[in-house]
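Please look at the sequence and the model first, and then read on.

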Amino acid sequence: MIKLNGLFDKKIAVVNIGIPSFAEDLKKQSVPVQHVDWRPPAGGNARMRSLIDKIKKGAKS
Amino acid sequence: MSVVKMEIRRGAYFDSVTLMRISADAKKIAGVTAAVVGMGTDYNIDSLKRLGMWTDAAADVTPSDLMLAISADDDKLAAEALVAVDGLLKARQAAKSETGDWLPSTLAGAIKVLPEANVVLISVPGAHAAREARQALEAGLHVMLFSDNVSLEEELALKEFAVGRELLVMGPDCGTAILNGVPLAFANVVRRGTIGVVAASGTGLQEFTSLVHRFGAGISQAIGVGGRDLSDAIGGRMTLLAVRALAADPQTRVLALVSKPPAPQTLEKLLVELKSVGKPVVVYFIGAPADAIRAAGFMPASHLEDAARQASQLALGRDLTSLVDDAALDHAAEGITLHGSYLRGLYSGGTLCDEAQRRLLPVLNVISSNTPISGGKKLTDIHQSEGHTIVDLGDDDFTRGRAHPMIDPTARQERLAREIADPSVGMILLDVVLGYGSHPDMAGELASTIRDAGAARMATGQAPLIAAAICGTEDDPQDFAAQVKTLEAVGVKVFPAHAALCAFAARVMGANR
């Protein structure tokens, strides 16, 4: 049986990455929400970004 | 003689909606003739060039740099305008951490602050969206992927990964979802109940859930899967996961599906899966013949109101009167003479634009659109109507570099004013979509355009007939009843179901041939 890790029985709590008004709307409804002050990783440098990802993966294992 | 002043801020980042608002405010500053406040994307650089505002300062700009470009009557005004824009940007930064609290800049940081988080809503530029979604899935969270411009390959990889962990990936390009009664992104406040719906369409989901509420039934879960999920490339992976989850959900007693017809192999897989659900299933595959669905043992719907009514009847265990009331519509259309030959539909929702074309093609014979249905005509210039025309102003071709028409009415207002002033136009159709995410007073914005642009033709008794469908509930953040009144006050005929608007338009256009 597919239970989606019990999602339907939990209190929805959201991390919002991007458009701030989505988080503001959730706050208005008293839904727990944390907005992320997002910016492109590695200053937008794609090569740097993939290097950072590789390092992070190596650190995890 | 215009003066152009430009400032480049390396590595500064603001989301596209914020920058569009600031650009719009900048244009209103006294003496400013043009303003571009945006990231250094190809689109924005093209805009600068088109407006004659490109300077050497922009030569090595990248998409990670913020450009502030002002064209004004003189040097002093341009400099003042730049200072004003700087103020707007600072105010936006301050608002981001309204109580002065620190904001995390990564998902990991956010999870530390909100360890009970179970959904990540992602609306960053497409180039970065898949990576953020992957991180969310790796952290064990469900994803709502509002972003578009995510590649098919990225979508497939994300969904394969997610399905293996029983996690949702709603999207890409998913604007609407309601989970455990919580409206996410562009969604309406609807009664909780026993109907679980899976949709590959944003406004389709909004109309369906709003009408379920209107019929007195409720929604257990409303899961968006993104427009490409039912292609053979993606194979309906998220649709199947969502259907299985709703089959196993004790709260859900009726299932509904809303989407374009699935690709053939995916349709077969889906029908097999639906057979093992063990609960009644209402299927609305837009434009698909009902026989295959009926033959498979499910209930086909012919439009969104029909799907909502059938599902609600099953949920409530009683018959419900359709909102497409033939007698009332005959009465409403009686004796109406149009003062122009053509119908123009100006839509903010793609599925509603589609539904209007389907309903009206048999009556109008030829309909042009930027997103024509099969049997329709593609507009030569999407900004110029030809004969009967029904456009989706929310489509990419219209929204490049602009906010979506459900958020920002300006583009639709401009088009509406031109259509009203066109003496060959007899009837105009509009959709007004309420709910979270949408403009706080769309009816007011449209009404003011109708009042101003219609004055000339109204004076000679030649005004076009304007009719609108309003999508939403009385629990939405906008005041539903007031929105209806505002439109009616300027002579707009308002319908609570899009199918009713279409049926009305079919009668009027049919009688005025």
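In what order do the 3 strands of the open sheet in chain B stand? The order is β1-β3-β2 in chain B, with antiparallel pairing, where strands (E, at least two residues) and helices (H or I, at least four residues) are DSSP runs numbered from the N terminus, and two strands pair if DSSP finds at least two bridges between them. This is a predicted model, in which local features need pLDDT of at least 70 and side-chain atom pairs count only at pLDDT 80 or more, while totals for chains, interfaces and linings use all residues. Residues are numbered from 1 along each chain as its sequence is written, chains are lettered from A and ligands numbered from 1 in the order in which they are written, and side-chain values use heavy atoms, leaving out hydrogens and water.

**The sheet of chain B**

- Because β1 (3–9) and β2 (32–39) of chain B stand at the edges with a single partner strand each, one side of each has no neighbour in the sheet.
- From one strand to the next, the twist averages 10 degrees.
- β2(B) is joined by 7 bridges to the antiparallel strand β3 (residues 66–72) of chain B, and Val32(B) has Ala72(B) in β3(B) as its bridge partner.
- Helix α1 (residues 16–27) of chain B lies across β2 and β3 of chain B and runs at about 165 degrees to β2(B), with axes fitted to C-alpha atoms, for helices over the stretch in contact, and angles running from 0 to 180 degrees between N-to-C directions.

**A helix pair in chain B**

- Helix α7 (residues 202–214) and helix α11 (residues 304–316) of chain B pack with their axes 9 Å apart, at an angle of about 45 degrees.
- This angle makes α7(B) oblique to α11(B), since angles under 35 degrees count as roughly parallel, over 145 as roughly antiparallel, 65 to 115 as roughly perpendicular and the rest as oblique.
- Among the residues that meet are Phe208(B) and Leu211(B) from α7(B) and Ala307(B) and Ala311(B) from α11(B), contact meaning heavy atoms within 4.5 Å.

**The interface between the chains**

- The contact takes 41 residues from chain A and 55 residues from chain B.
- Chain A and chain B bury about 4,500 Å² between them, 62% of it on carbon and sulfur atoms, where buried area is the accessible area (1.4 Å probe) that two parts lose on being put together, summed over both.
- In chain A, the residues that lose the most area to chain B are Ile2(A), Phe8(A) and Trp38(A), together 17% of what that side buries.
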